[in-house]
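Here are some notes for a colleague who is opening this structure for the first time.

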Amino acid sequence: MELIKIATAGSVDDGKSTLIGRLLYETGALKSDQVQHIEDKSAARGFEYLDLSLATDGLLTEREQGITIDVSHIFFSTPKRRFIIADSPGHVEYTRNMVTGSSTAQASIILIDARKGMIEQTKRHFFITQLLGIKHIIFAINKMDLVDYKQKVYEEIKATLSDLVDKHGNKDVSYHYIPLSALYNDNVVNHSKKLAWYEGAALLDLMDAIPLENNKANDGVFQIQYVIRPKQEAFHDYRGFAGNVRTGGFSVGDAISIHPSGRKTLIKKIEKYGIAVDRVSAGENATLLLMDEIDASRGDSILNKRANINKGKSISATFCWMQDNPLTPGNKYWLQQGVQRSLVKVQSVRSKIDLEALEQSQTNQLGLNDIGIAALALAQPLFTKPYKENPSLGSFILIDTQTFNTAGVGFIETT
Amino acid sequence: MTILKQLEEESIYIIREVAGQFNNPCLLFSGGKDSITLLHLAQKAFAPASIPFPLVHIDTGHNFPETIALRDKLVAKHGLRLIVGSVQNDIDAGNVVEEKGRHASRNSLQTTTLLNTIEENKFDACMGGARRDEEKARAKERVFSVRDDFGQWNEKLQRPELFDMLNGLIHNGENVRVFPISNWTELDVWYYIRQENLEIPSIYYAHKREIFKRDNQWMPVSDYVKVAEKDERKHTSVRFRTVGDMSCTAAVLSEATELDNIIAEIGGSNFSERGARMDDKRSEGAMEERKKVGYF
């Protein structure tokens, strides 16, 4: 079994909740008491069909308004894969939710209402997938039942979307287009006879077939989360640096340097949960024991000798702003990259992207849900890579120093 | 990497973040399979040292005795620190009033005791074994969920969580609820219990017990519930799928005395896990309402 995270995006009434409810229902993820609940509610509201959107709209306020207002994590499985769907709402005021929901996704499904075709919001959804560097995009053209399953409608929408992709899409991404009806289960799980003219795979088959990739970056960077010092006689000299391999890998005997101190030594031993191992790689936790007694603490980085990364006190990044208080030159924030924090000051805000026209314009601040480019000055040097080359060294969050809220997310620009 | 390995790595990363970011964290321990899994993950995270935080048990006084026995055994075996918040004490002190009637349960009273225990001990982070697959309101829960001075959860004020970066900065008096096994499913927990050979309370395995029927569920007969004359009773082989209070946890008829049988049973079950929790069925948004006022 493999685990894959997929983000979904759509506008209000595109039928996103129904599609997810349909996937849950068809893969058997809904149990009989949950189905009973949906049947009862659907009947009580006088619907002629099962309102599968009831399966996912979790909060009372949402059910009252019939809309989704926060990122929801939904699970189901096929024999091949476990899916975690990050379902976020499509409204402009929820851009931050979509960025959040998509940040860990390996693929994205963008819903389009066949009656409306590509709308301004579709462009915003598309742009966010590009900003996040998501490698697999599925355009699901839903509600085909309401356009009599006409091929012409689908082809026209597909042509508009292809045009968008050609103009603004990353080249190393695979794009898929699929006509379906979530309500009537056409092309969701099985290829539908009503859409016989469509020759591609049904949605679930497509989701099962998306290739999974690992972070291939070679630069070995480890961040210390916690220093393990057992207060027991048997482990008197034990000093284990517990943390997470952000990128690359580490082996016993590797030459490393610790930062910010810059001290150099070798790796004496690598443990995973008390058991010795020879090597750990990106994404894994480990406890590193070093040859020399070197003082290091939480937030320090351990770098492999081979690591080729940028170290600097100023960075330029694309930001998605997530709080009401705007990103303004002169403001100070906590920057958190992985588990490491340092103070930063905003030097300049250069431009803002109009997500519907997909054009840049000059500005001097970024407000809630704005996406734009700004430059920061750092109190301490930070190890970075452009986001496109190495997502885990190229992304960070900014934290408001007054409220402590997560104020925004930054993606380091290619320099 | 297998799914279980991936989930284990993610959870241990989160647990180490808690120890790294907070001054005074704790692990909320109910004695159920999820908190036993969480405890085991925490022990792995800090090996060979012992875990750098205490366990906190909110004791309703209506627990299954088997759960308390295992709790005490684990505490003694691993030399853990245990803090018990007693709902009975809060009732005796007049801080809460016991529910009346045949559906009376102490489930909702736990919240007051939990919040008092957090305040008395000045905990700034409380880890719990809740999972997103349990209930719709929990599917929206963050890994780090900030609570205000009153322990309240406000779904509109939850911090966005990007990539694996966890922001645990808080003001004095606030605290964070942390859910390291958010992305696990019920079956993952069972597979992990089998893989790691973890001891769980005996009531998870099939055993003979006196039960009675209420609202189409089989409830255990105990001193804590009133069984009406007309309620159907029987003595038969059952097990429990979750471990809550004896007053609100329904049994399932089962002969599964081994982990393999339990896993087969759950894998093929047509009922959701919390379908056996009467406390969730009180109303459409029962879990959400309780979370807002500070429930687990």
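1. A definition is needed at the start: a helix axis here is a line fitted to C-alpha atoms over the stretch in contact, and angles between axes run from 0 to 180 degrees between N-to-C directions. The model is predicted.

2. In chain B, helix H1 (residues 3-21) packs against helix H2 (residues 33-46) at an angle of about 70°, and their axes are 9 Å apart. Angles of 65 to 115 degrees count as roughly perpendicular, so H1(B) is roughly perpendicular to H2(B).

3. Which residues make this contact? H1(B) contributes Glu8(B), Ser11(B), Ile12(B), Ile15(B) and Arg16(B), while H2(B) contributes Leu41(B), Ala42(B), Lys44(B) and Ala45(B). By class, the contact of H1(B) with H2(B) has five nonpolar, one polar and three charged residues.

4. Chain B is divided into domain 1 (3-189 + 285-292) and domain 2 (200-280). The centres of the two domains of chain B, taken over C-alpha atoms, are separated by 24 Å. Their contact takes 23 residues from domain 1 of chain B and 22 residues from domain 2 of chain B.

5. On the side of domain 1 of chain B that touches domain 2 of chain B, at least two residues each are supplied by H2, helix H3 (65-78), helix H6 (186-196) and helix H8 (286-292) of chain B. H3(B) gives the most to this side, with three residues. By class, this side of domain 1 has seven nonpolar, nine polar and seven charged residues.

6. Between the chains, 47 residues of chain A are in contact with 39 residues of chain B. Elements of chain A that give two or more residues to the side touching chain B include helix H2 (32-44), strand E3 (81-87), helix H4 (95-102) and strand E22 (406-412). Strand E2 (72-77) of chain A is also among them, and the largest share, four residues, comes from E2(A). The residues on this side of chain A divide into 21 nonpolar, 18 polar and eight charged.

7. Is H4(A) mostly covered or mostly uncovered? H4(A) is mostly covered, with eight of its eight residues buried. The buried residues are Thr95(A), Arg96(A), Asn97(A), Met98(A), Val99(A), Thr100(A), Gly101(A) and Ser102(A). What covers them includes strand E1 (2-9), E3, strand E4 (107-113), helix H5 (120-131), strand E16 (310-321) and E22 of chain A. E3 and E22 of chain A are also among the elements that give two or more residues to the side touching chain B.

Key
Residues are numbered from 1 along each chain as its sequence is written. Chains are lettered from A and ligands numbered from 1 in the order in which they are written. This is a predicted model: local features need pLDDT of at least 70, side-chain atom pairs count only at pLDDT 80 or more; totals for chains, interfaces and linings use all residues. Angles under 35 degrees count as roughly parallel, over 145 as roughly antiparallel, 65 to 115 as roughly perpendicular and the rest as oblique. Two residues are in contact if their C-beta atoms, placed from the backbone, lie within 7 Å. Ala, Val, Leu, Ile, Met, Phe, Trp, Tyr, Cys and Pro count as nonpolar, Asp, Glu, Lys and Arg as charged, and the others, Gly among them, as polar. A residue is buried if 20 or more other C-beta atoms lie within 10 Å of its own, exposed if 12 or fewer, and partly exposed in between; C-beta atoms are placed from the backbone. Domain bounds come from an automatic or database domain assignment.
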